[in-house]
Amino acid sequence: MFLFLIFIINILLLTSSSSDLRPGFYSNTCPNAEIIVRDVMKRALIREPRSVASIMRFQFHDCFVNGCDASMLLDDTPSMLGEKLALSNINSLRSFEVIDEVKEALEKACPGVVSCADIIIMASRDAVALTGGPNWEVRLGRLDSLTASQDNSSNIMPSPRSNATTLINLFQKYNLSVKDLVALSGSHSIGKGRCFSIMFRLYNQSGSGKPDPAIDPGFRNELNKLCPLDVDQNVTGNLDSTPVIFDNQYFKDLVAGRGFLNSDQTLFTFPQTREFVSFYSRDQTEFFKAFVEGMLKMGDLQSDRPGEVRRNCRVVNPRPAHFLSEHKMQNNDKSM
Ligand code: HEM
Ligand SMILES: *[C@@H]1O[C@H](CO)[C@@H](O)[C@H](O)[C@H]1NC(C)=O
Ligand SMILES: *[C@@H]1O[C@H](CO)[C@@H](O)[C@H](O)[C@H]1NC(C)=O
Ligand SMILES: *[C@@H]1O[C@H](CO)[C@@H](O)[C@H](O)[C@H]1NC(C)=O
Ligand SMILES: *[C@@H]1O[C@H](CO)[C@@H](O)[C@H](O)[C@H]1NC(C)=O
Ligand SMILES: *[C@@H]1O[C@H](CO)[C@@H](O)[C@H](O)[C@H]1NC(C)=O
């Protein structure tokens with residue numbers, strides 16, 4: 001009987017692979033799931049327009065670290081440092097409470113059914129659709145991770161100082177093309193960044209003691225005013241000049257030398273990415289098409305670890321004590 005229980009738990013923990021992801025995954029088990037997510041996102045947008053951008057960023061920070069498994073939503077525990085305080089996330093990722101709100105609404109409608117990893121994917125899509133960008137059908141059926149690692153995130157997520165070559169190489173590791181990289185960077189069409197992320201390029205690019213020469217001088221004056229040397233570096237600026245509308249203004253700004261982050265502007269400076277930036281600055285329809293493709297590909301990045309559907313996105317589900325001590329056995333059983 002005990003072995004049988006372990007076997008059942010094992011089945012519940014089976015990892016899904018990307019072939020399992022499909023549209024309408026919850027059509028029987030939680031038919032209103034996507035409507036519920038979108039309703040909460042609409043309310044969040046009205047309450048604070050920036051919050052939907054902050055949520056959309058979650059897809060990137062989740063999917064690049066061991067696949068799209070909501071590992072980044074786990075709070076730290078005494079025995080586990082999660083991703084929230086990782087280098088690129090600390091004092092930066094925000095609006096976790098909106099995910100909590102979505103999860104609460106879903107648990108009310110269909111307890112224990114919709115994963116937090118899928119919530120991130122649906123909510124990111126909704127953030128784009130609700131701010132004037134494209135709408136698309138998402139593939140669902142992900143599971144939530146049982147662990148998270150601060151180091152995993154710190155080792156992977158790119159710095160705002162990155163140049164296009166570094167970014168191309170990073171995205172390549174996930175089978176994301178140069179085109180995907182440029183299109184996905186168009187996510188910076190909405191949202192804000194901190195002075196902290198641009199101080200070096202305003203005052204000491206690459207240790208030169210000088211500003212990044214790629215910044216348009218007029219724009220540099222604006223940024224210097226926003227972020228003087230003695231500024232509180234939590235002060236924020238817009239990532240493009242239309243920060244609550246998802247459009248191709250971001251690319252127009254890059255062409256004009258008015259990109260906020262170094263990692264943005266470098267996409268126009270470097271020849272490998274420049275043509276895509278020019279193209280999308282002229283053709284919003286092509287940008288939208290490529291962006292959707294990129295989001296779908298990024299959303300297909302899978303974890304190869306066991307998972308579950310968390311009841312609360314911030315903590316793994318409680319387990320019976322015997323299960324924890326049998327964890328080794330559970331791993332061995334995987335070959336069955
Ligand atoms: C290509 C490499 C990327 C780099 C180096 C990068 C870096 C950054 C940085 C430094 C910020 C500002 C953080 C702060 O100052 O606190 C930011 C914000 C943001 N990023 Fe990225 N990012 C990248 C790609 C992406 C992707 C692929 C997405 C989503 C598909 C994304 C979505 C966002 C959004 C929406 C914001 C604004 C968030 C808010 O307002 O709270 N980024 N990113
Ligand atoms: C991710 O974290 C795990 C557990 O801390 C560690 O074993 C693994 O080497 C890490 N991988 C990377 C790429 O940092
Ligand atoms: C891009 O950044 C990497 C890592 O910092 C650096 O090694 C490389 O020289 C840079 N490439 C160019 C062309 O500046
Ligand atoms: C990228 O594609 C290769 C070849 O199809 C595959 O072996 C590899 O697992 C893929 N990598 C990722 C992160 O999906
Ligand atoms: C600029 O950066 C270099 C290298 O990191 C450093 O040695 C130098 O002190 C910095 N200069 C200023 C004015 O911060
Ligand atoms: C930004 O604010 C956080 C707390 O909200 C604080 O811990 C941090 O030191 C501040 N960062 C900077 C660069 O001022």
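Tutor: Let us begin with contact: two residues are in contact if their C-beta atoms, placed from the backbone, lie within 7 Å. Please keep in mind that this is a predicted model.

Student: With which residues is Ile119 in contact, leaving aside its neighbours within four places in sequence?

Tutor: They are Val37, Ile99, Val102, Lys103 and Val114. Each of these pairs is called a contact because the C-beta atoms lie within 7 Å.

Student: Why is Asp118 called buried?

Tutor: A residue is buried if 20 or more other C-beta atoms lie within 10 Å of its own. Asp118 has 28 such atoms within 10 Å, and it is therefore buried. Asp118 is found in helix α5. Leaving aside neighbours within four places in sequence, Asp118 is in contact with Leu140 and Arg142.

Student: How far apart are Asp118 and Leu143, in sequence and in space?

Tutor: They are 25 residues apart in sequence, and their C-alpha atoms are 7.8 Å apart in space.

Student: What share of the contacts in the protein chain with a separation of 6 or more joins residues 24 or more positions apart?

Tutor: Such pairs account for 80% of those contacts. As to the chain as a whole, it has 16 helices and four strands, and buried residues make up 40% of its 336 residues.

Student: What makes α8 a mostly covered helix?

Tutor: Six of the eight residues of α8 are buried. They are Asp180, Leu181, Val182, Ala183, Leu184 and Ser185. These buried residues pack against α7 (164-172), α12 (262-269), α13 (271-282) and α14 (284-299).

Student: Which elements each supply at least two residues of the shell around ligand 1?

Tutor: They are α3 (50-63), α8 (178-185) and β2 (192-194). The largest share, seven residues, comes from α3. There are 27 residues around ligand 1, of which Ser54, Ser92, Ser187, Gly191 and Gly193 come nearest. By class, the shell has eleven nonpolar, eleven polar and five charged residues.

Student: What is noted about the phi of Asn66?

Tutor: Phi of Asn66 is near 60°, a positive value in a residue other than glycine. Ala70 also has a positive phi, of about 60°, although it is not a glycine. Asn66 lies in the loop between α3 and α4 (96-109), and Ala70 is found in the loop between α3 and α4.

Student: How do you know whether Asn66 and Ala70 are buried or exposed?

Tutor: The cut-off for a buried residue is 20 or more other C-beta atoms within 10 Å. Asn66 has 22, so Asn66 is buried. Ala70 has 29, so Ala70 is buried.

Student: Which residues does UniProt list for "binding site"?

Tutor: An unreviewed UniProt entry lists Asp240, Thr242 and Asp247. Thr242 lies in the loop between β3 (236-238) and α11 (249-255), and Asp247 has its place in the loop between β3 and α11.

Student: Why is Thr242 called partly exposed?

Tutor: A residue is buried at 20 or more C-beta neighbours, exposed at 12 or fewer, and partly exposed in between. Thr242 has 18 other C-beta atoms within 10 Å, so Thr242 is partly exposed. Asp247, with 18 C-beta neighbours inside 10 Å, therefore counts as partly exposed.

Student: With which residues are Thr242 and Asp247 in contact, leaving aside neighbours within four places in sequence?

Tutor: Thr242 is in contact with Asp247 and Gln249. Asp247 is in contact with Gly132, Ser189, Thr242 and Gln284.

Definitions and conventions:
Residues are numbered from 1 along each chain as its sequence is written. Chains are lettered from A and ligands numbered from 1 in the order in which they are written. This is a predicted model: local features need pLDDT of at least 70, side-chain atom pairs count only at pLDDT 80 or more; totals for chains, interfaces and linings use all residues. A residue is near a molecule or strand if its C-beta atom, placed from the backbone, lies within 6 Å of it. Ala, Val, Leu, Ile, Met, Phe, Trp, Tyr, Cys and Pro count as nonpolar, Asp, Glu, Lys and Arg as charged, and the others, Gly among them, as polar. UniProt positions are given in the numbering used here, feature names are shortened, and annotations may be inferred rather than shown by experiment.
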